[in-house]
Amino acid sequence: MSDVSQDNDNERGKLFGGDFDIKRVLLEGRAFFALIAIIVIFSILSPVYFSTSNFLTMSSHVAIFGLLSLGMLLVILTGGIDLSVGSTLGLAGVFAGFLMQGVSFEILGVVFYPPVWVVVILTCGLGALVGAINGVLIAYFKVPAFVATLGLLYVARGIALLMTDGLTYNNLGGSPELGNTGFDWLGFNRLFGIPVGVLVLAAVAIACILLLARTPFGRWVYSTGGNARAAELSGVPVKRVQVLVYVLSGICAAIAGLVLSSQLTSAGPTAGTTYELTAIAGVVIGGAALTGGRGNVRGTLLGAFVIGFLSDGLVIIGVSSYWQTVFTGAVIILAVLLNSIQYSGRKKQQASSDGKTTSPQPESAATRSPASGSTAGKAGTQS
């Protein structure tokens, strides 16, 4: 587990000891409390909101936001941003639809209909390619993350429009005679009563938790966001880490595109428009710092559920779509404000504790070892 995660665990342990701080409890658990408040309020306003079937339906919608948010979390932990995930989602859906319609080889005079598992692998590869382009531009060519990913936002969306001429691929269920059925399985089927899309989200979330908490790469991610220069001096391959997080973000966006296209059994070039903002909102509401180095999967998932349950609740009670945008924007602003309050308070507390130190302790050899990753973790913690 990274030093940042251990530091967060220690702080949470203090909450229930002798020094109970209600303000810190509310700040650190704000996503959970917001989700509970949303469920209670909309359950009072609508009799159909609080039901198992409705929660499962809303969760299948949240799966799209959650997948994008998990990829975005990895990027934001390194201090970056990925504005191209919404367009990558749309491009991935269109690419999958293109493959499901059949690939024509005019020279051979045949049309190839790839099986669904091939479509999934190739689509994830496309998402990885988009992410790799982002990562290389940012890590090796020093293009600002905002500019690079904004450019890929337009490029990916433009390619999707060119592939379809602005139209939509419909009827992606496939045909038994062609051997390409099963694409709609992600969107409509259930296992043990749970939508497959939700199970996909859970699997990706577990993979991200293990990646961040149990591998050196996770420590490198936190340290890169905490202090990239210090991490690089400690032996962390910062450039490779930056490229890999964008690749993973692109794969998450591609998976989200597959799930969304499966739910709709169609793929359009405008799918996922503004979803990048929703993904950022989920990460911020979950408590991650936009400056990097702080955040976790659990909070991000809660943030995605807050956005999804709020949006669906507003639809259920008949609120105008214009007001839905206003409410979502207000929630994002409030989340950023609370993040600022939380982390500014931590910086002041850390500064005061540093001022009380009478004599610095010498750094041990184990701490200096870049292979252990402990120095990198401390860089992320002290940021």
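1. Helices (H or I, at least four residues) and strands (E, at least two) are taken here as DSSP runs, numbered from the N terminus. On that basis the chain holds 17 helices and six strands. The model is predicted: local features need pLDDT of at least 70, side-chain atom pairs count only at pLDDT 80 or more, and totals for chains, interfaces and linings use all residues. Residues are numbered from 1 along each chain as its sequence is written, and side-chain values use heavy atoms, with hydrogens and water left out.

2. Of the 383 residues in the chain, 50% are buried (under 20% relative accessible area, with exposed being over 50% and partly exposed in between; 1.4 Å probe, protein chains only). Among contacts (heavy atoms within 4.5 Å) with a separation of 6 or more, 76% join residues 24 or more positions apart.

3. Asp 165, with a positive phi near 55°, follows helix 7.

4. Buried positions in helix 7 include Ala 148, Leu 152, Leu 153, Ala 156 and Arg 157. The buried residues of helix 7 pack against helix 5 (85–100), helix 6 (116–139), strand 3 (169–170), helix 12 (238–264) and helix 13 (275–285). On the other side of helix 7, Tyr 154 and Leu 162 are exposed.

5. Gln 242 lies in helix 12 and counts as buried because its relative accessibility is 17%. Leaving aside residues up to four places away in sequence, Gln 242 touches Gly 135, Ala 139 and Thr 224.
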